[in-house]
Amino acid sequence: MRQEKTRIDWLDIAKGMSIILVVIYHTLLYHDFHEIAPDLYARISGIMTPIRMPLFFTVSGFLAASAVRAPWRDFLSRKIWLLIYLFAVWSTARWLFFHYIQTNALVPAEGSDPYQLIEMWWAPNTGIWFIWALAIFMVATKLLSSAHHATTIAIAAMVSILTFGEHLQIDLFTHRNVLQYFVFFLFGCWYGKSVVGTITQRPLLMAFGGFLLFAALYLLRWRLQAIEKGSWALLSSIAGLAWLCGTAVLMSRLQPVRHAFAYFGRNTLPVYVTHVMIVSLLVAAIATQKAHAASGYVTAPLVVIVAIGLSLAIKAVADRSGAGWLYVPPARRKRQAIAA
């Protein structure tokens, strides 16, 4: 029982690390637009690019494994419907925000045309794409459940390499992301249980070995130009996953750290769906004060902290004020209340 608890803890920590990396990434994007992004932070965030979303999708795949094995009726009504609902609610919320409150500096077209609320179902062009992709991944994984797993993973990995390497020319970033990241969800769903056991038993080896391999691949690609881009991206993601997952296990053994990061991991949804709107407002306000890049060393971490904290606060207020439907479909929320 103790080992199972540790596994859950460190998986939550890994998800928490991933959402923090995502918030940092978006914060620096908005800082960069306003020309106040510190170069050091931007470089560090760039180095973590092969890890952010692969970590999120791998852990999500592992956690979705039992849902994917459920009968189709339960699978569609409980999991896929939830994702469709959340995608509709928060894509609409973002559209309204960037239409009426603030222009999205990074994607000025967002919120400009009501047709986007229809087009988003097959060609989303916003930060809510993760929910859309997750629904696609879950359905695709269930459809492929009877296929030979190793062969399917190999094909998905090849597609990932070709897409990362820009050998497949795909214009929309969300479509590229689906092809790039499906292999990670698939692997987490089908092989996650055995991998989680290995990482839990050998966290120091995974963390140290993963870091060394990640660093070596970085040098081979960006210093020596000795490895093709697509292969580098996939291998770096695998090394980075070993590094951060091993680190997450080690962090889970420190009680204060475990509680803090595991909390973020259990509450990634409210942070994910609201933080971009908060970040865009905060960074725009900072830019009006004629801030410069040096000030970004202070403002960027503050924006990350405030964006995460305010996202969680909005969720808490919504739950207490009858607006919990923003995060859970009303019918499901009612069932949860009756069960409690």
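## Residue classes and basis

Ala, Val, Leu, Ile, Met, Phe, Trp, Tyr, Cys and Pro are counted here as nonpolar, Asp, Glu, Lys and Arg as charged, and the others, Gly among them, as polar.

The model is predicted: local features need pLDDT of at least 70, side-chain atom pairs count only at pLDDT 80 or more, and totals for chains, interfaces and linings use all residues. Residues are numbered from 1 along each chain as its sequence is written, and side-chain values use heavy atoms, with hydrogens and water left out.

## Fold and overall dimensions

The chain contains 14 helices and 0 strands, where helices (H or I, at least four residues) and strands (E, at least two) are DSSP runs numbered from the N terminus. Its radius of gyration is 20 Å, close to the 20 Å from the globule rule for 340 residues, so the chain is as compact as a globular protein of that length. That radius is taken over C-alpha atoms, and the rule is 2.2 Å times the number of residues to the power 0.38. Along the principal axes, the C-alpha atoms fill a box of roughly 55 × 50 × 45 Å.

## Burial and contacts

Of the 340 residues, 49% count as buried (under 20% relative accessible area, 1.4 Å probe, protein chains only). The accessible surface (Shrake-Rupley method, 1.4 Å probe) comes to about 16900 Å², and 67% of it belongs to carbon and sulfur atoms.

Among contacts (heavy atoms within 4.5 Å) with a separation of 6 or more, 80% are between residues 24 or more positions apart.

## Largest pocket

A pocket is an open set of points on a 1 Å grid over the protein atoms alone, where a 1.4 Å probe fits, with protein on both sides within 12 Å along at least five of seven lines; lining residues have an atom within 4 Å of a point. Points are joined across faces, edges and corners, and a volume is the space filled by probe spheres set on them.

The largest pocket has a volume of about 1200 Å³. It is lined by 44 residues, of which Y25, L29, T49, R52 and Y181 are the closest to its centre. Elements giving two or more lining residues include α2 (39-47), α8 (173-201) and α10 (229-252). The largest share, 8 residues, comes from α1. By class, the lining has 24 nonpolar, 11 polar and 9 charged residues.

## Second largest pocket

The second largest pocket holds about 720 Å³ of space. Of its 27 lining residues, K15, L82, L134, T268 and L269 are the closest to the centre. Two or more residues each come from α1, α3, α4 (72-100), α6, α11 (255-266), α12 and α14 (330-339). This lining divides into 16 nonpolar, 5 polar and 6 charged residues.

Definitions and conventions
Buried < 20%, exposed > 50% of the residue type's maximum accessible area, 1.4 Å probe, protein only.
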